Amino acid sequence: TIPPFSMHSIVPWLKRIWGAPVIVDMRDAWSQWIVTPYPSYLHYLICVRKERRVLEAADLVLTTSRVTEEELKKLHSDIPPNRFMYVPNTFD
């Protein structure tokens, strides 16, 4: 679960070392979460690249909103759409 987004940087490493299935909980789209503006477009592209590496390594990507799911699918169209799953935030 993130944030902090930097925690997901270990996902490709974990997948490579252990080969275990990895589920990534993307409560917010890493590249789209703009608390402060990116210093430059290059910084944004670096963030998108890091996010893509994590999504490529993940076996399943959970999102808590349809908007986040659609944003990730659109931005990372090379990731198979069936790898994403919407699981709403809810309390019973």
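Before I start, one definition: the axis of a helix here is a line fitted to its C-alpha atoms over the stretch in contact, and angles between axes run from 0 to 180 degrees between N-to-C directions. What I am showing is a predicted model.

Helix α1 covers residues 11–18 and helix α2 covers residues 41–57. The two pack at an angle of about 30°, and their axes are 8 Å apart. Their crossing is left-handed. Which residues make the contact between α1 and α2? From α1 they are V11, P12 and K15, and from α2 they are R53, V54 and A57. Sorted by class, this contact has 4 nonpolar residues, 2 charged ones and no polar ones.

Now the sheet. In general, strands of a sheet pair through backbone hydrogen bonds, in either a parallel or an antiparallel way. Here 3 strands form an open sheet, ordered β1-β2-β3, and the pairing is parallel. At the edges are β1, residues 23–26, and β3, residues 84–86, each pairing on one side only. On average, neighbouring strands of the sheet are turned by 25° against each other, ignoring direction.

Take one pairing in detail. Strand β2, residues 60–63, pairs with β3 in the parallel sense over 3 bridges. What is the bridge partner of T63 in β3? That is Y86.

Last, the helix on the sheet. Helix α3, residues 66–75, lies across β1, β2 and β3. Relative to β3, helix α3 runs at about 165°.

Definitions and conventions
Residues numbered from 1 in each chain as written. Predicted model: local features only at pLDDT ≥ 70, side-chain atom pairs only at ≥ 80, totals over all residues. Heavy atoms only, no water. Pairing = 2+ DSSP bridges. Helix = DSSP H or I, 4+ residues; strand = E, 2+ residues; numbered from the N terminus. Contact = heavy atoms within 4.5 Å. Left-handed = near helix turned anticlockwise from the far one by under 90°. Nonpolar A, V, L, I, M, F, W, Y, C, P; charged D, E, K, R; others polar.
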